[in-house]
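User: Hi, I'm new to reading protein models and would like to go through one with you. Could we look at it piece by piece?
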Amino acid sequence: MENTLSIPVALLAQGPLRIDGVTYYRHGNKVRACKSQRGPRKVRREGEEESSNRFTEVRKMWRIYRRAIGDLPIWRVMAKETGVNKSDSLFHSQNGGCFRPGMGVWAFPTFRFSVGTLDAPVITGAVREGWSVTLNWENDIDRPKAGNSDRVYVGYFYDTQPRAPQMLSCFGACRGDGTVTVDIPSAGQPDGTRLHLYLFFGNEMSNRFSPSVYIEV
């Protein structure tokens, strides 16, 4: 491009200046201009904005979820089994579609509280009395992917708090029992608030888990 004096030399004392896709720079006591390598920043499309906001929502939920499960390596174990580099990437791929930006979980039935290679529970019934819930499941024979000694876990959401996953470790209960009764903290929720529950199992070594199964009460 031709030399230009439209930009005073003094303005370039601190370095080149880019305006509307043109970079002005100082060459001796003259100002020269050339086309910038990068054009003006493009405005993100609506779909790109939605995707970015959803990704941000999943990242926030991942941090809250990890606090809820404590030391259980549920997603880390499954990521290793499936060859995924990071556990949060697996969580995103499995649950990303269950979230709405700024709202949390909207598709509770398809949300995966747990994943794994152990056999999933087969829930046969649920009875709720106040904040106490009894879950029953079908118990088959003891086998490699469904040990009678597998520990019982219950993840849950209050219907009013779709961004706050919680979990109970049911100490003393095992798959072979076929039933468990859990007392969900009321946490200041109105009586009768709907609960979204996720029953799953983990082995005694806490290095294998089952997929979670959803039920609403």
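User: By class, what does the lining of the largest pocket have?

Analyst: The lining of the largest pocket has 6 nonpolar, 2 polar and 3 charged residues, where Ala, Val, Leu, Ile, Met, Phe, Trp, Tyr, Cys and Pro count as nonpolar, Asp, Glu, Lys and Arg as charged, and the others, Gly among them, as polar. Please keep in mind that this is a predicted model, in which local features need pLDDT of at least 70 and side-chain atom pairs count only at pLDDT 80 or more, while totals for chains, interfaces and linings use all residues. Residues are numbered from 1 along each chain as its sequence is written, and side-chain values use heavy atoms, with hydrogens and water left out.

User: Which residues line the largest pocket?

Analyst: Its lining includes Trp62, Arg66, Ile69, Gly70, Asp71 and Leu72, and Pro73, Ile74, Trp75, Arg76 and Ser87 also belong to it. The elements that give two or more residues to this lining are α1 (46-69) and α2 (74-82); helices (H or I, at least four residues) and strands (E, at least two) are DSSP runs, numbered from the N terminus.

User: And what volume does the largest pocket have?

Analyst: The volume is about 180 Å³, meaning the space filled by probe spheres set on grid points that are joined across faces, edges and corners. On a 1 Å grid over the protein atoms alone, a pocket is an open set with protein on both sides within 12 Å along at least five of seven lines, a cavity is a set of points where a 1.4 Å probe fits but cannot get out, and lining residues have an atom within 4 Å of a point.

User: OK, then how many cavities of 30 Å³ or more does the structure hold?

Analyst: The structure holds 1 cavity of 30 Å³ or more, and about 40 Å³ of space lies in the largest cavity. Among the residues lining the largest cavity are Ile74, Val77, Met78 and Glu81, together with Asn207, Arg208 and Phe209. By class, this lining has 5 nonpolar, 3 polar and 2 charged residues.

User: Switching to strands, in what order do the 4 strands of the open sheet come?

Analyst: The order is β9-β8-β11-β12, with antiparallel pairing, and two strands pair if DSSP finds at least two bridges between them. The edge strands, β9 (166-174) and β12, each pair on one side only. Within this sheet β8 and β9 pair over 6 bridges, and the bridge partner of Tyr153 is Ser169 in β9.

User: And the sheet of 3 strands, what is its order?

Analyst: That open sheet runs β6-β7-β10, again with antiparallel pairing, and its edge strands are β6 (123-129) and β10 (179-183). β6 and β7 form a hairpin with 2 residues between them, and Gly130 in the turn has a positive phi of about 65°. Across this pair, Ile123 stands opposite Trp137, while Val127 stands opposite Thr134.

User: Is Ser206 buried or exposed?

Analyst: Ser206 is buried, because its relative accessible area is 18%. By contrast, Pro185 is partly exposed, with a relative accessible area of 39%, and its place is in the loop between β10 and β11.

User: How far apart are Pro185 and Ser132?

Analyst: They are 53 residues apart in sequence and 8.9 Å apart in space, taken C-alpha to C-alpha.

Technical notes
Buried < 20%, exposed > 50% of the residue type's maximum accessible area, 1.4 Å probe, protein only.
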